[in-house]
Amino acid sequence: ALAGLFASPYRREDGGGDSYFPQTAKSLLTGLLLAAALEGVPISTVLLWASDDGNQKPLNVLAGYEEWDFWRKTLKGIYGLTERTRSGVFGQAQNMVSMLSRSEVRSWVDPQPGAREFSPYDFVRSSRSTLYLLSQEGTRAVGTLPLILAVAVMEAAENYGIENGGRLPVPLVAALDEAANVVPWKDLPAMYSHY
C-alpha cells in the first residue's frame, strides 16, 4: 500500500501511455520497502537502493525470510532485466521516492535520537489531538508525504472504529479544504462517502 502511495502521482488515470515502467517501479518499491522494514533501516535507505541497481542488499535481506520468498523472486526478476530496462525501472522508482534526498524530509521520516515518534494508532485514540497537514507547490514541496500521513491516520481511525463496533468513541473531524491539492488520494471520494 505504501509503494502505491509513492507511485500514485506516476499512474495515469486515463489508462493511456505505457504502464510498464510505473507498475514495475511500484513492484520494485514494494520489495525495497519490505527489505528496509525487515532490516530495520530508515526509509531513506530505499532511495539509496533505488539509486543503485547493482546493489543487491535488498535481495540478500529478503533471502533470510522464507515467508517473503515471493518478493525476493520478484526483485530478482527486476534486477535481472536487461540493463536499459532495469535502468528505466530503477529510475522511475528513484523519482517516486526522490523527496527522501532532502535532509529536512529525512529529519521527519527517519528515526532521530530523542525525537518523539508520531503514531497514527495513538493519535486516533486521543480525544484532544489536532493534526494540520500543510503543503505547497514548487521546489519546497514534499511530494507524497502529506498523502501518506493522511492515509495512515485515516486507516488507523477506520481500524479503531471497527474495534469499537463501527464508530469512533470520539469522532474524528477531517476538514478537507484544499484536500485535493494537499492530499491527492485517488480513493478519497470513495472513502469520504464511506466515512
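Here, Ala, Val, Leu, Ile, Met, Phe, Trp, Tyr, Cys and Pro count as nonpolar, Asp, Glu, Lys and Arg as charged, and the others, Gly among them, as polar. On that basis, the lining of the largest pocket in this predicted model has 28 nonpolar, six polar and six charged residues.

That pocket holds about 1,600 Å³ of space. Its lining takes in 40 residues, and the closest to the pocket centre are Trp 108, Val 109, Phe 118, Leu 145 and Leu 149. As for elements, α1 (2–7), α2 (20–39), α7 (103–109), α8 (120–125) and α9 (145–163) each give two or more residues to the lining.

Now for the packing. The largest nonpolar core has 41 residues, with Phe 6, Leu 28, Leu 29, Leu 32, Leu 75 and Trp 185 making the most contacts inside it. Helix α2 is the top contributor to this core, giving eight residues. Setting aside neighbours within four places in sequence, Leu 29 touches Ala 3, Phe 6, Val 46, Ala 93, Met 96 and Val 97. Another core, of six residues, lies apart from the largest one and includes Phe 123, Val 153, Ala 157 and Tyr 160.

How many aromatic pairs turn up in the whole structure? The search finds four.

Phe 70, by contrast, counts as exposed because its relative accessibility is 57%, and exposed means over 50%.

Notes: Residues numbered from 1 in each chain as written. Predicted model: local features only at pLDDT ≥ 70, side-chain atom pairs only at ≥ 80, totals over all residues. Heavy atoms only, no water. 1 Å grid on protein atoms, 1.4 Å probe; cavity = no way out; pocket = protein on both sides within 12 Å on 5 of 7 lines; lining within 4 Å. Points joined across faces, edges and corners; volume = space filled by probe spheres on them. Helix = DSSP H or I, 4+ residues; strand = E, 2+ residues; numbered from the N terminus. Core = buried A, V, L, I, M, F, W, Y, C linked by side-chain atoms within 4.5 Å. Buried < 20%, exposed > 50% of the residue type's maximum accessible area, 1.4 Å probe, protein only. Contact = heavy atoms within 4.5 Å. Phe/Tyr/Trp six-rings, centres within 6.5 Å; stacked < 30°, edge-to-face > 60°.
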